[in-house]
Amino acid sequence: MTQRTFWIIVIKIFGIFLIVESVVVIPQSISGLAYLGFSDNEGAVITMIGGIVVLLIFILILRLFVYKPEWLIDKLKLDKGFPEETIDFNINKGAVISVATIILGGVLFIDGLPLLVKQLFVFYQEDSMSGRFGDKPSTQWLILYGIKTAAGYFIVSNHVAFAKFVDKQSGAE
């Protein structure tokens, strides 16, 4: 394995990790926008601009880290200055991305499941206080942790397809 291939794998793993974390950050930004949108117009505009900036940063990082790691390696000169040209690993790039996908999806699932169960319990407790689904304070968190847990399960169960997609998309550009 060359140094360039090693750095491509490391950058893609980091990019996949950022995608997993965006599952939590982006919905929280949207719920913050919805909450502030009704109370203060000036604060809502500033928060909306901040949310759009965060979304654009995530899109840029996704594009650079997952789809264009070669450009990032060239600009940062990560493959220069090492005495050896190759690194002796007998591991397929797709296998490493697949293992990283399983680990990151597992972390997402393991992190989300207890919080989902807790929010289900809180939701059940709030059932006597409020009659409608949207009126309960825990509804947003219940939906967020449900999506996080489902996304973790989906990533783990489809890790091969996800790894092939990431590898194919980076080779196409």
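**Close-up views of a predicted model**

**View 1. Surroundings of T101.** Leaving aside its neighbours within four places in sequence, T101 is in contact (heavy atoms within 4.5 Å) with I16, I155, H159 and F162. The structure is a predicted model, in which local features need pLDDT of at least 70 and side-chain atom pairs count only at pLDDT 80 or more, while totals for chains, interfaces and linings use all residues. Residues are numbered from 1 along each chain as its sequence is written, and side-chain values use heavy atoms, with hydrogens and water left out. T101 is found in helix 4 (residues 93-126); helices are DSSP runs of H or I with at least four residues, numbered from the N terminus. With 0% relative accessibility, T101 counts as buried, a term for residues under 20% relative accessible area, whereas exposed means over 50% and partly exposed lies in between (1.4 Å probe, protein chains only). The side chain of T101 reaches the backbone oxygen of I97 at 2.7 Å.

**View 2. The largest nonpolar core.** This core comprises 11 residues: I16, V20, V66, Y67, I97, L104, L108, A151, I155, A163 and V166. A nonpolar core is a set of buried Ala, Val, Leu, Ile, Met, Phe, Trp, Tyr and Cys residues joined through side-chain atoms within 4.5 Å. Two or more residues come from each of helix 1, helix 2, helix 4, helix 5 (139-157) and helix 6 (159-172). Helix 4 gives the most, with 3 residues. Leaving aside its neighbours within four places in sequence, V166 is in contact with K12, I16 and V66.

**View 3. Aromatic pairs.** A search of the whole structure finds 3 aromatic pairs. Rings of Phe, Tyr and Trp (its six-membered ring) pair if their centres lie within 6.5 Å; planes under 30 degrees apart count as stacked, over 60 as edge-to-face and the rest as tilted. One of the pairs, F6 with W7, is edge-to-face, at 5.5 Å centre to centre and 70 degrees between the planes. F6 is partly exposed at 29% relative accessibility, and W7 is partly exposed at 21%. The pair of F14 and F65 is tilted, with 5.4 Å centre to centre and 45 degrees between the planes. Because F14 lies in helix 1 (residues 3-37) and F65 in helix 2 (residues 41-67), this pair ties together parts that are 51 residues apart in sequence. F14 is partly exposed at 42% relative accessibility, whereas F65 is buried, with a relative accessible area of 17%.

Definitions and conventions
A polar contact is a pair of N or O atoms within 3.5 Å; within protein, one must be able to donate a hydrogen and the other to accept it, and residues adjacent in sequence count only if both atoms are side-chain atoms.
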